[in-house]
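Could you walk me through this model in my viewer, one selection at a time? I would like to know what to pick next and what is there.

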Amino acid sequence: MVQLDDLDRAILRLLKEDARLTISEIAEKLNRPESTIHFRIKKLLEKGVIDRYTIILGDSLRPKAIALIYIQAETPIIEDFLEKYISYITKTLSILPNVLAVARSGKDSVIALVGEENEDKLNKFIDETIRVLPTLKRVEVIPIKSFVKGKDLVGFLVGV
């Protein structure tokens, strides 16, 4: 794990809040020379601490209904096919516009974060797109009413 000092963390906090800040603005806010800030950001990029600068989409483009979906596949008779089937499920989910994130969870399971503009459309999407995938053992839907931490995650994940 990369070691960060207080200045590195302060720079990262400012950039997380607004990635458009210039080196001059960061230097002014932190009361440090521009050359120091420039050097530190360069090092953070080289170490892979900063991967890229991006945007978080606002509320007007975010889904209003969100759910976490746990999907467990049936173990096929030939267990070697399980890995291929899980790969098929993850790839299929990944190309769907309502699916915000997909992750493996154990040998036979996948977790997806899905969103839609309202609850009815979300449930319809889940029923008509996810539950119909062949040979599923279990599909668990966990509606998310609100985020306590990480609310910008959805704005980051939404595709346009």
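## Stop 1

Select Asp5 to begin: with a relative accessible area of 32%, Asp5 is partly exposed. Bear in mind as you go that this is a predicted model.

Asp5 and Arg40 form a salt bridge, and their closest N and O atoms are 2.9 Å apart. Asp5 sits in the segment before H1 and Arg40 in helix H3 (residues 34-46), so this pair ties together parts that are 35 residues apart in sequence.

## Stop 2

How many salt bridges does the count come to?

Select Glu119 and Lys145. Their side chains meet in a salt bridge, with 3.2 Å from N to O. This pair links distant parts of the chain, 26 residues apart: Glu119 is in helix H5 (residues 119-130), while Lys145 is in the loop between strand S4 (136-144) and H6. Colour by accessibility if you like: Glu119 is partly exposed, at a relative accessible area of 47%, whereas Lys145 counts as exposed because its relative accessibility is 67%, and the cut-off for exposed is over 50%.

Next, select Asp51 and Arg52. These two also form a salt bridge, and here the closest N and O atoms are 3.8 Å apart. Are Arg52 and Asp51 buried or exposed? Both Arg52 and Asp51 are exposed.

## Stop 3: the strands

Show the cartoon and select strand S3 (residues 109-116). Seven of its eight residues are buried, so S3 is largely enclosed by the rest of the structure.

Then bring in the strands that pair with S3. Strand S1 (residues 65-73) runs antiparallel to S3, and eight bridges join the two. Strand S2 (residues 99-104) is also antiparallel to S3, joined to it by five bridges.

Follow the chain from S2 to S3 and you will pass through a hairpin with four residues between the strands. Stop at Gly106 in that turn, where phi is positive, about 85°.

## Stop 4

Which value does phi of Asn31 take, although Asn31 is not a glycine? It is positive, about 55°. Asn31 lies in the loop between helix H2 (23-30) and H3, and at 70% relative accessibility Asn31 counts as exposed.

The other one is Thr135, a residue other than glycine whose phi is positive, near 50°. You will find Thr135 in the loop between H5 and S4.

## Stop 5: the aromatic pair

How many aromatic pairs does a search of the whole structure find? The search finds one. Select Tyr85 and Tyr88 to see it: the pair is stacked, 5.8 Å centre to centre, with 25° between the planes. Tyr85 and Tyr88 are three residues apart in helix H4 (residues 80-94), so about one helical turn separates them.

Tyr85 counts as buried, at 14% relative accessibility, while Tyr88 is partly exposed, with a relative accessible area of 40%.

## Stop 6: the largest pocket

Finish at the largest pocket, which holds about 840 Å³ of space. Which residues lie nearest its centre? Select Leu15, Lys16, Glu17, Thr54 and Ile56; they lie nearest the centre, and the lining has 20 residues.

Now colour that lining by residue type: eleven of its residues are nonpolar, one is polar and eight are charged. Colour it by element as a last step. Helix H1 (6-17) and helix H6 (152-157) each supply at least two residues of the lining, and the largest share, five residues, comes from H1.

Definitions and conventions. Residues are numbered from 1 along each chain as its sequence is written. This is a predicted model: local features need pLDDT of at least 70, side-chain atom pairs count only at pLDDT 80 or more; totals for chains, interfaces and linings use all residues. Side-chain values use heavy atoms; hydrogens and water are left out. On a 1 Å grid over the protein atoms alone, a cavity is a set of points where a 1.4 Å probe fits but cannot get out, and a pocket is an open set with protein on both sides within 12 Å along at least five of seven lines; lining residues have an atom within 4 Å of a point. Grid points are joined across faces, edges and corners, and a volume is the space filled by probe spheres set on the points. Ala, Val, Leu, Ile, Met, Phe, Trp, Tyr, Cys and Pro count as nonpolar, Asp, Glu, Lys and Arg as charged, and the others, Gly among them, as polar. A salt bridge is a side-chain nitrogen of Lys or Arg within 4 Å of a carboxyl oxygen of Asp or Glu. Buried means under 20% relative accessible area, exposed over 50%, partly exposed in between (1.4 Å probe, protein chains only). Rings of Phe, Tyr and Trp (its six-membered ring) pair if their centres lie within 6.5 Å; planes under 30 degrees apart count as stacked, over 60 as edge-to-face and the rest as tilted. Two strands pair if DSSP finds at least two bridges between them.
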